[in-house]
Amino acid sequence: MENQVMDFRRDLVTIAYNPLFETLKGPYLEKLPVALTRFSRFLGDGAWIAGEKITFADFLMYDVLDQHRMLEPTCLQNFTNLQDFLTRIEALPPVAAYMKSPHFMKTPINNRMAAWGNCK
């Protein structure tokens with residue numbers, strides 16, 4: 001699953017660093033439900049990717065889903081289990097504490113060379 005998540009991230013990075021980002025964004029978003037459906041089906045009713053035990057892959061999945069949510073805030077509206085997954089990660093006490101701390105930085109998610117996700 002780690003490799004699938006990283007491939008998903010690579011697809012987003014590919015358009016984010018492309019100078020034609022605005023042109024590529026529409027076609028990317030049109031295909032996005034296909035990928036989200038696959039992840040949603042894999043997660044199913046489980047709490048975590050590997051079942052009932054959280055693993056590093058869950059944090060990778062959180063990161064890439066959150067980035068897609070930043071790209072298109074409505075992209076998860078048809079995927080309740082993926083929304084719930086994000087909520088579970090954010091509710092973990094260490095994550096929740098970090099997100100409330102002054103050290104938390106949501107953006108940028110990409111380097112300044114990127115066409116998207118490069119600003120605070």
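Author: The model is predicted, so local features need pLDDT of at least 70 and side-chain atom pairs count only at pLDDT 80 or more, while totals for chains, interfaces and linings use all residues. Residues are numbered from 1 along each chain as its sequence is written, and side-chain values use heavy atoms, with hydrogens and water left out.

The lining of the largest cavity divides into nine nonpolar, no polar and no charged residues. Here Ala, Val, Leu, Ile, Met, Phe, Trp, Tyr, Cys and Pro count as nonpolar, Asp, Glu, Lys and Arg as charged, and the others, Gly among them, as polar. On a 1 Å grid over the protein atoms alone, a cavity is a set of points where a 1.4 Å probe fits but cannot get out, a pocket is an open set with protein on both sides within 12 Å along at least five of seven lines, and lining residues have an atom within 4 Å of a point. Grid points are joined across faces, edges and corners, and a volume is the space filled by probe spheres set on the points.

The whole structure has one cavity of 30 Å³ or more, and the largest cavity holds about 40 Å³. Its lining consists of Met-1, Phe-39, Phe-42, Leu-43, Ile-49, Met-61, Leu-65, Leu-82 and Phe-85. H2, H3 and H4 each give two or more residues to this lining, and H2 provides the largest share, three residues. Helices are DSSP runs (H or I, at least four residues), numbered from the N terminus.

Met-61, Leu-65, Leu-82 and Phe-85 of this lining are also among the residues with the most contacts inside the largest nonpolar core, which has 31 residues. Such a core is a set of buried Ala, Val, Leu, Ile, Met, Phe, Trp, Tyr and Cys residues joined through side-chain atoms within 4.5 Å, where buried means under 20% relative accessible area (1.4 Å probe, protein chains only). The largest share of this core, seven residues, comes from H2. Leaving aside neighbours within four places in sequence, Leu-36 is in contact (heavy atoms within 4.5 Å) with Phe-8, Leu-65, Cys-75, Leu-76, Phe-79 and Leu-82.

Phe-39, a lining residue of the cavity, also belongs to the lining of the largest pocket, where Phe-39, Phe-8, Asp-11, Ala-35 and Arg-38 are the closest to the centre. That pocket contains about 370 Å³ of space, and its lining comprises 11 nonpolar, one polar and four charged residues.

Terms used:
Buried means under 20% relative accessible area, exposed over 50%, partly exposed in between (1.4 Å probe, protein chains only).
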